[in-house]
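The notes follow the order in which I looked things up.

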Amino acid sequence: MGQRVAPRIPGHQGYVAQQIAGGRLVRGRATEKVWSYVAACECGWIGKEVSFPTSDGADTCEGEWYMVHVLPLLGVRPVKERR
Ligand SMILES: [Zn+2]
């Protein structure tokens with residue numbers, strides 16, 4: 001994911017993890033039924049939001065990965081939180 005906006009940060013390639021029954025996250029093509037999408041990053045970061053396993057859900061994951069994980073890595077955060 002992340003082809004639209006993602007900056008290239010070495011070690012931080014985001015992807016949509018597919019959650020199967022039991023809660024295990026699968027990267028790539030899952031062989032079992034996928035129940036939800038969760039944002040993930042190759043560095044080990046996992047998003048908190050659980051999304052429907054649809055293209056909209058994938059967009060939500062991409063947004064969470066970008067807003068919650070990538071922007072803080074770049075030092076970008078809401079202006080009012082700056083001191
Ligand atoms: Zn990362």
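This is a predicted model: local features need pLDDT of at least 70, side-chain atom pairs count only at pLDDT 80 or more; totals for chains, interfaces and linings use all residues.

**The first hairpin**

I began at the hairpin of β1 and β2, where 4 residues lie between the strands and Gly22 has a positive phi near 95°. I number residues from 1 along each chain as its sequence is written.

**Overall layout**

I took helices (H or I, at least four residues) and strands (E, at least two) as DSSP runs, numbered from the N terminus. The chain has 1 helix and 3 strands, and along the sequence they follow the pattern β-β-β-α.

I checked burial next. I call a residue buried if 20 or more other C-beta atoms lie within 10 Å of its own, exposed if 12 or fewer, and partly exposed in between, with C-beta atoms placed from the backbone. Of the 83 residues in the chain, 19% are buried.

For contacts I required C-beta atoms, placed from the backbone, to lie within 7 Å. Among the contacts in the chain with a separation of 6 or more, 34% are between residues 24 or more positions apart.

**The sheet**

In what order do the 3 strands of the open sheet stand? I read the order as β2-β1-β3, with antiparallel pairing. The edge strands are β2 and β3, each with a single partner strand, so one side of each has no neighbour in the sheet. My criterion for pairing is that DSSP finds at least two bridges between two strands.

I then went through the bridges. Strand β1 (residues 14-20) is joined to strand β3 (residues 34-41) by 7 bridges, and the two run antiparallel. Within this pair, Tyr15 has Ala40 of β3 as its bridge partner. Between β1 and strand β2 (residues 25-26) I found 2 bridges, again in an antiparallel arrangement. Here Gln18 is bridged to Val26 of β2.

**Two strand residues**

I looked up Ala17, which lies in strand β1. Is Ala17 buried or exposed? Ala17 is buried, because 21 other C-beta atoms lie within 10 Å. Leaving aside neighbours within four places in sequence, Ala17 contacts Leu25, Val26, Arg27, Val38 and Ala40. I also noted Ala58, 41 residues from Ala17 in sequence, with 9.1 Å between their C-alpha atoms.

I turned to Trp35, in strand β3. Trp35 counts as partly exposed because it has 15 C-beta neighbours inside 10 Å. Not counting residues up to four places away in sequence, Trp35 touches Gln19, Ile20, Ala21 and Pro53.

**The helix**

The 19 residues of α1 should span 27 Å, and its end C-alpha atoms are 26 Å apart, which agrees. I noted a bend of about 30° in α1 at Tyr66, taking the bend as the angle between axes fitted to the seven residues ending there and the seven starting there. Just after α1, Gly75 has a positive phi of about 80°.

How does α1 lie relative to β1 and β3? It lies across them and runs at about 25° to β3. For this angle, axes are lines fitted to C-alpha atoms, for helices over the stretch in contact, and angles run from 0 to 180 degrees between N-to-C directions.

The buried residues of α1 are Thr60, Cys61, Glu62, Trp65 and Val70. Their cover includes β1 and β3. Val68 is also in α1, but with 14 C-beta neighbours inside 10 Å it counts as partly exposed. Val68 and Gly47 are 21 residues apart in sequence, with 8.1 Å between their C-alpha atoms.

**The core**

I defined a nonpolar core as a set of buried Ala, Val, Leu, Ile, Met, Phe, Trp, Tyr and Cys residues joined through C-beta atoms within 7 Å. The largest has 10 residues: Val16, Ala17, Tyr37, Val38, Ala39, Ala40, Cys41, Cys61, Trp65 and Val70. Two or more residues each come from β1, β3 and α1 (55-73). The largest share, 5 residues, is from β3.

Last, I looked up Trp65. Not counting residues up to four places away in sequence, Trp65 touches Gly14, Ala39, Cys41, Gly47 and Val70.

Technical notes: Two residues are in contact if their C-beta atoms, placed from the backbone, lie within 7 Å. The expected span of a helix is 1.5 Å times one less than its number of residues.
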